[in-house]
Amino acid sequence: FPGIYSGDQYGDPSVTLPDSTSLQIVGNGWMMIGLQGMGITEETILEFDFTSTQEGELHGIGFDTDTGLSPDQAFQFYGTQSWAEQFVDDYASSAPNTKHYSIPVGSYFTGDFSYLFFEHDHDVINANGESIYANIRIYNPNSYSTWATAKGLSSGSDDDLDADPNSDGKLNLYHFATDTDPLGDGRTQTVQAVIAEDSVDSQRYLTLTLPVRKGASFSGAPL
């Protein structure tokens, strides 16, 4: 269960965990979850979906090594006041709908951190500011995740390796290997086969041609 981040910012909010990657805070209170010394590199990405039906004074997220306030390691996206040094895409224009965030944390700072904290401030009587975080994910992109993002696959739903978002009978793994469109109609994604006579030894050979992802490496010996 989330712990209290900065005790003097805690007003006994309602905190719930809908699932293992989600958090809802209502009222006034800054919370945190342990990261067990996670390393933030230049490539690290923080992704989540954010929803709020009631604006408070501060809504944001950040990283820390202790429970003292660290605005230089926080990202704010909603609220009537400003605190965090990084202000990312304003949520106000999307409220009260859900908005997806993908923050290149490593572009702002790097290092080892113990906590992911949730900036949630609403210092009023009967505080009802709301923050809902879903599909929280911290990762360093690999070649597949970079490819999936470039192809427009939605994180946490149709970007799994074994997903088939366009229902063409081919998994994302196939499209990744052949660098074809996982959202296309499949008409330009077939393997081509040609039988032709070789100009050197006059033998007829079967030649298979298939698209391959740029930068792919191969191993093993040919048959």
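**View 1. Serine 155 is partly exposed, at 28% relative accessibility.** On the scale used, buried means under 20% relative accessible area and exposed over 50%, with partly exposed in between (1.4 Å probe, protein chains only). The model is predicted, so local features need pLDDT of at least 70 and side-chain atom pairs count only at pLDDT 80 or more, while totals for chains, interfaces and linings use all residues. Residues are numbered from 1 along each chain as its sequence is written, and side-chain values use heavy atoms, with hydrogens and water left out. Serine 155 sits in the loop between α1 and α2; helices (H or I, at least four residues) and strands (E, at least two) are DSSP runs numbered from the N terminus. Leaving out residues up to four places away in sequence, serine 155 touches Glu47, His100 and Arg137, a contact being heavy atoms within 4.5 Å. Serine 155 and arginine 137 are 18 residues apart along the chain, and their C-alpha atoms are separated by 9.5 Å.

**View 2. The protein chain of 223 residues contains two helices and 13 strands.** Of these residues, 38% count as buried. Among contacts between residues at least 6 apart in sequence, 61% join residues at least 24 apart. The chain exposes about 12400 Å², of which carbon and sulfur atoms supply 49%; areas come from the Shrake-Rupley method with a 1.4 Å probe, and for residues only the protein chains shown count as cover.

**View 3. The largest nonpolar core holds 25 residues, of which Phe48, Ile61, Phe63 and Phe77 touch the most other members.** A separate core of seven residues has among its members Trp30, Met32, Leu58 and Ala84. Such a core is a set of buried Ala, Val, Leu, Ile, Met, Phe, Trp, Tyr and Cys residues joined through side-chain atoms within 4.5 Å. Beyond its neighbours within four places in sequence, phenylalanine 63 contacts residues including Leu35, Ile40, Phe113, Phe117 and Ile138.

**View 4. Strand β11 pairs antiparallel with β3 and with β5.** Four bridges link β3 and β11, and six link β5 and β11; strands pair if DSSP finds at least two bridges between them. Glutamine 24 has isoleucine 132 of β11 as its bridge partner, and phenylalanine 50 has tyrosine 133 of β11. Asparagine 135 also lies in β11. Its phi is near 55°, a positive value in a residue other than glycine, and asparagine 135 is partly exposed at 42% relative accessible area.

View 5. Most residues other than glycine have a negative phi, and most peptide bonds are trans. Serine 167 lies in the loop between α1 (143–150) and α2 (172–178) and is exposed, with a relative accessible area of 63%.

**View 6. Leu161, Leu171 and Leu173 make a nonpolar surface patch of about 260 Å².** Like charges are joined within 9 Å, and nonpolar side chains (Val, Leu, Ile, Met, Phe, Trp, Tyr) within 5 Å. Leucine 173 belongs to helix α2 and is partly exposed, with a relative accessible area of 48%.

Terms used. Patches are made of residues with over 30% relative accessible area and no salt bridge: like charges are joined within 9 Å, nonpolar side chains (Val, Leu, Ile, Met, Phe, Trp, Tyr) within 5 Å. A salt bridge is a side-chain nitrogen of Lys or Arg within 4 Å of a carboxyl oxygen of Asp or Glu.
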